[in-house]
Amino acid sequence: RATLPTQGTTVEATLAFAPDGRLLNFISDDRGALTNGQLEYHRFSTPLSDYRDFGGYRLAALGKAVWHYPDGPFTYGEFRLQDVSYNVSAFNP
């Protein structure tokens, strides 16, 4: 369970990890979805999978954005990581 206070808003989530430390899911019940002009709160998750090596780092190559509505889950975004570029000098001026 994680809590992140930022700019007057606090996000709370449950983070699910595999035994080897890979992040598998981020699950939150405090994200608002605009439905028919009304803000409603439903469970939101971002399952991650298909871990691969990118430049020496093992990263999730597939991520989804899922609303868990009363009538069933709705995946409104699916993201596939194809390549990673690192700009190390930006972090070590």
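**Close-up 1. Salt bridge between Asp50 and Arg52.** The side chains of Asp50 and Arg52 form a salt bridge with an N to O distance of 2.8 Å; the term denotes a side-chain nitrogen of Lys or Arg within 4 Å of a carboxyl oxygen of Asp or Glu. The model is predicted, so local features need pLDDT of at least 70 and side-chain atom pairs count only at pLDDT 80 or more, whereas totals for chains, interfaces and linings use all residues. Residues are numbered from 1 along each chain as its sequence is written, and side-chain values use heavy atoms, with hydrogens and water left out. Asp50 counts as partly exposed because its relative accessibility is 34%, and Arg52 is likewise partly exposed, at 42%. In these legends, buried means under 20% relative accessible area, exposed over 50%, and partly exposed in between (1.4 Å probe, protein chains only).

Close-up 2. Side chains of opposite charge can pair when their charged atoms come close. Arg22 and Asp20 meet through their side chains in a salt bridge of 2.9 Å, N to O. Arg22 is partly exposed, with 30% relative accessibility, while Asp20 is exposed, with a relative accessible area of 56%. In the salt bridge between Arg58 and Asp53, the closest N and O atoms are 3.7 Å apart. Asp53 has a relative accessible area of 57% and is therefore exposed. The structure holds 6 salt bridges.

Close-up 3. Strand E3 spans residues 23-28 and includes Asn25; helices (H or I, at least four residues) and strands (E, at least two) are DSSP runs, numbered from the N terminus. Asn25 is buried because its relative accessibility is 16%. Its side chain reaches the backbone nitrogen of Thr46 at 3.2 Å. Residues up to four places away in sequence aside, Asn25 touches Thr14, Leu15, Ala16, Ser45, Thr46 and Pro47, where contact means heavy atoms within 4.5 Å.

**Close-up 4. Arg80 in strand E9.** Arg80 lies in strand E9, which comprises residues 72-80. With a relative accessible area of 55%, Arg80 is exposed. The side chains of Arg80 and Glu78 are joined by a polar contact of 2.9 Å. A polar contact is a pair of N or O atoms within 3.5 Å; within protein, one must be able to donate a hydrogen and the other to accept it, and residues adjacent in sequence count only if both atoms are side-chain atoms. Apart from neighbours within four places in sequence, Arg80 is in contact with Ala61 and Leu62. Gly63 is 17 residues from Arg80 in sequence, with a C-alpha to C-alpha distance of 6.6 Å.
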